[in-house]
Amino acid sequence: MDQMEAFRVLASADRQLVLHELVKRDGTTCIKELSREVASRRHQIPSQKISDTKVKRAHIRLVHSSLSLLQEKGIINVNWEENEVSLASKPEVEQLFDAAEELESWPPDDLLEDPSRST
(Lines give C-alpha, C1' and ligand atoms only; values in the text may rest on other atoms or scores of the structure.)
Protein backbone atom coordinates (compact mmCIF):
# COMPACT_ATOMS: atom_id res chain seq x y z
CA MET A 1 0.00 0.00 0.00
CA ASP A 2 1.48 3.32 -1.00
CA GLN A 3 1.06 6.49 1.02
CA MET A 4 -1.73 7.88 -1.21
CA GLU A 5 -3.72 4.69 -0.79
CA ALA A 6 -3.17 4.82 2.98
CA PHE A 7 -4.49 8.39 3.06
CA ARG A 8 -7.52 7.28 1.04
CA VAL A 9 -8.24 4.57 3.62
CA LEU A 10 -7.87 7.11 6.44
CA ALA A 11 -10.12 9.67 4.71
CA SER A 12 -13.20 8.25 6.44
CA ALA A 13 -13.90 9.12 10.07
CA ASP A 14 -15.68 5.78 10.45
CA ARG A 15 -12.59 3.87 9.28
CA GLN A 16 -10.40 5.91 11.61
CA LEU A 17 -12.73 5.14 14.51
CA VAL A 18 -12.75 1.44 13.63
CA LEU A 19 -8.96 1.35 13.64
CA HIS A 20 -8.78 3.32 16.88
CA GLU A 21 -11.23 0.97 18.59
CA LEU A 22 -9.34 -2.10 17.39
CA VAL A 23 -6.08 -0.72 18.74
CA LYS A 24 -7.79 0.27 22.00
CA ARG A 25 -9.27 -3.22 22.36
CA ASP A 26 -6.00 -5.02 21.64
CA GLY A 27 -6.92 -5.80 18.05
CA THR A 28 -10.27 -7.63 18.24
CA THR A 29 -13.92 -6.75 18.85
CA CYS A 30 -17.40 -7.75 17.75
CA ILE A 31 -19.13 -5.82 14.98
CA LYS A 32 -22.12 -4.99 17.19
CA GLU A 33 -19.94 -3.33 19.86
CA LEU A 34 -17.92 -1.58 17.18
CA SER A 35 -21.11 -0.20 15.60
CA ARG A 36 -22.33 1.11 18.95
CA GLU A 37 -18.99 2.78 19.71
CA VAL A 38 -18.73 4.37 16.25
CA ALA A 39 -22.29 5.71 16.49
CA SER A 40 -21.62 7.02 19.99
CA ARG A 41 -18.46 8.83 18.92
CA ARG A 42 -19.94 10.26 15.72
CA HIS A 43 -23.01 11.64 17.50
CA GLN A 44 -21.21 12.53 20.75
CA ILE A 45 -23.77 10.59 22.78
CA PRO A 46 -22.79 8.12 25.53
CA SER A 47 -22.95 4.57 24.19
CA GLN A 48 -25.55 3.54 26.76
CA LYS A 49 -27.83 6.39 25.57
CA ILE A 50 -27.36 6.10 21.80
CA SER A 51 -30.52 5.08 19.97
CA ASP A 52 -30.81 1.71 18.29
CA THR A 53 -31.55 3.54 15.03
CA LYS A 54 -28.20 5.35 15.12
CA VAL A 55 -26.39 2.11 15.98
CA LYS A 56 -28.14 0.33 13.12
CA ARG A 57 -27.13 3.08 10.67
CA ALA A 58 -23.53 2.86 11.87
CA HIS A 59 -23.67 -0.92 11.51
CA ILE A 60 -24.89 -0.63 7.91
CA ARG A 61 -22.16 1.92 7.06
CA LEU A 62 -19.50 -0.25 8.63
CA VAL A 63 -20.59 -3.52 7.03
CA HIS A 64 -21.21 -2.14 3.55
CA SER A 65 -18.38 0.34 3.35
CA SER A 66 -15.71 0.67 6.01
CA LEU A 67 -15.17 -2.94 7.05
CA SER A 68 -15.32 -4.15 3.45
CA LEU A 69 -12.67 -1.68 2.33
CA LEU A 70 -10.41 -2.33 5.31
CA GLN A 71 -10.72 -6.07 4.72
CA GLU A 72 -10.04 -5.69 0.99
CA LYS A 73 -6.87 -3.70 1.77
CA GLY A 74 -5.65 -6.36 4.20
CA ILE A 75 -5.92 -4.09 7.25
CA ILE A 76 -8.48 -6.15 9.14
CA ASN A 77 -9.79 -9.68 9.25
CA VAL A 78 -13.55 -10.10 9.46
CA ASN A 79 -15.20 -13.29 10.64
CA TRP A 80 -18.75 -12.71 9.41
CA GLU A 81 -20.06 -15.90 11.02
CA GLU A 82 -18.76 -14.90 14.46
CA ASN A 83 -19.35 -11.16 13.81
CA GLU A 84 -15.80 -10.37 14.88
CA VAL A 85 -13.24 -7.95 13.52
CA SER A 86 -9.52 -8.01 14.21
CA LEU A 87 -6.47 -6.12 13.02
CA ALA A 88 -4.44 -8.09 10.51
CA SER A 89 -0.80 -8.65 11.26
CA LYS A 90 0.50 -7.65 7.86
CA PRO A 91 2.87 -5.00 6.54
CA GLU A 92 -0.15 -3.07 5.24
CA VAL A 93 -1.25 -2.34 8.80
CA GLU A 94 2.14 -0.89 9.71
CA GLN A 95 2.17 1.15 6.49
CA LEU A 96 -1.26 2.52 7.30
CA PHE A 97 -0.28 3.55 10.82
CA ASP A 98 2.95 5.09 9.50
CA ALA A 99 0.88 7.22 7.11
CA ALA A 100 -1.56 8.06 9.92
CA GLU A 101 1.26 9.53 11.98
CA GLU A 102 1.71 12.16 9.28
CA LEU A 103 -1.86 13.38 9.68
CA GLU A 104 -2.38 16.22 12.11
CA SER A 105 -5.55 14.83 13.61
CA TRP A 106 -5.48 11.07 13.48
CA PRO A 107 -7.56 9.75 14.95
CA PRO A 108 -9.92 12.71 14.94
CA ASP A 109 -9.63 14.07 18.47
CA ASP A 110 -13.11 15.56 18.51
CA LEU A 111 -14.60 12.12 17.83
CA LEU A 112 -12.44 10.39 20.41
CA GLU A 113 -13.64 12.49 23.30
CA ASP A 114 -15.65 10.20 25.53
CA PRO A 115 -19.27 11.40 25.27
CA SER A 116 -20.14 9.81 28.62
CA ARG A 117 -17.86 12.30 30.38
CA SER A 118 -19.83 15.31 29.13
CA THR A 119 -23.11 14.22 30.69
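Here are some friendly notes on the sheet and helices of this predicted model.

1. Ground rules. Numbering starts from 1 along each chain as its sequence is written, and side-chain values use heavy atoms, without hydrogens or water. As the model is predicted, local features need pLDDT of at least 70 and side-chain atom pairs count only at pLDDT 80 or more, while totals for chains, interfaces and linings use all residues.

2. An open sheet is built from three strands in the order 1-3-2, with antiparallel pairing. Strands are DSSP runs of E with at least two residues, helices are runs of H or I with at least four, and both are numbered from the N terminus; two strands pair if DSSP finds at least two bridges between them. Strand 1 (28-30) and strand 2 (76-79) are the edges, each pairing on one side only. On average, neighbouring strands are turned by 20 degrees against each other, direction ignored.

3. Strands 2 and 3. Four bridges link strand 2 to strand 3 (residues 84-87), and the two run antiparallel. Within this pairing, N79 stands opposite E84 of strand 3. Helix 2 (residues 13-24) packs on the sheet and touches strand 1, strand 2 and strand 3, where contact means heavy atoms within 4.5 Å. The direction of helix 2 makes about 80 degrees with that of strand 3; axes are lines fitted to C-alpha atoms, for helices over the stretch in contact, and angles run from 0 to 180 degrees between N-to-C directions.

4. Helix 4. This helix (residues 52-72) has 21 residues and reaches 28 Å between its first and last C-alpha, close to the expected 30 Å (1.5 Å times one less than its number of residues). Helix 4 bends by about 50 degrees at L62, the bend being the angle between axes fitted to the seven residues ending there and the seven starting there. L62 is also among the buried residues of helix 4, as are V55 and L70; buried means under 20% relative accessible area with a 1.4 Å probe, protein chains only. The cover over the buried residues of helix 4 includes helix 1 (3-10), helix 2, helix 3 (31-43), strand 2 and strand 3. Just after helix 4, G74 has a positive phi of about 80 degrees.

5. Helix 3 and S40. The end C-alpha atoms of helix 3 are 18 Å apart, which agrees with the 18 Å that its 13 residues should span. S40 lies in this helix and counts as buried because its relative accessibility is 2%. Its side chain reaches the backbone oxygen of I45 at 2.5 Å. Just after helix 3, Q44 takes a positive phi of about 55 degrees.

Terms used
Buried means under 20% relative accessible area, exposed over 50%, partly exposed in between (1.4 Å probe, protein chains only). A polar contact is a pair of N or O atoms within 3.5 Å; within protein, one must be able to donate a hydrogen and the other to accept it, and residues adjacent in sequence count only if both atoms are side-chain atoms.
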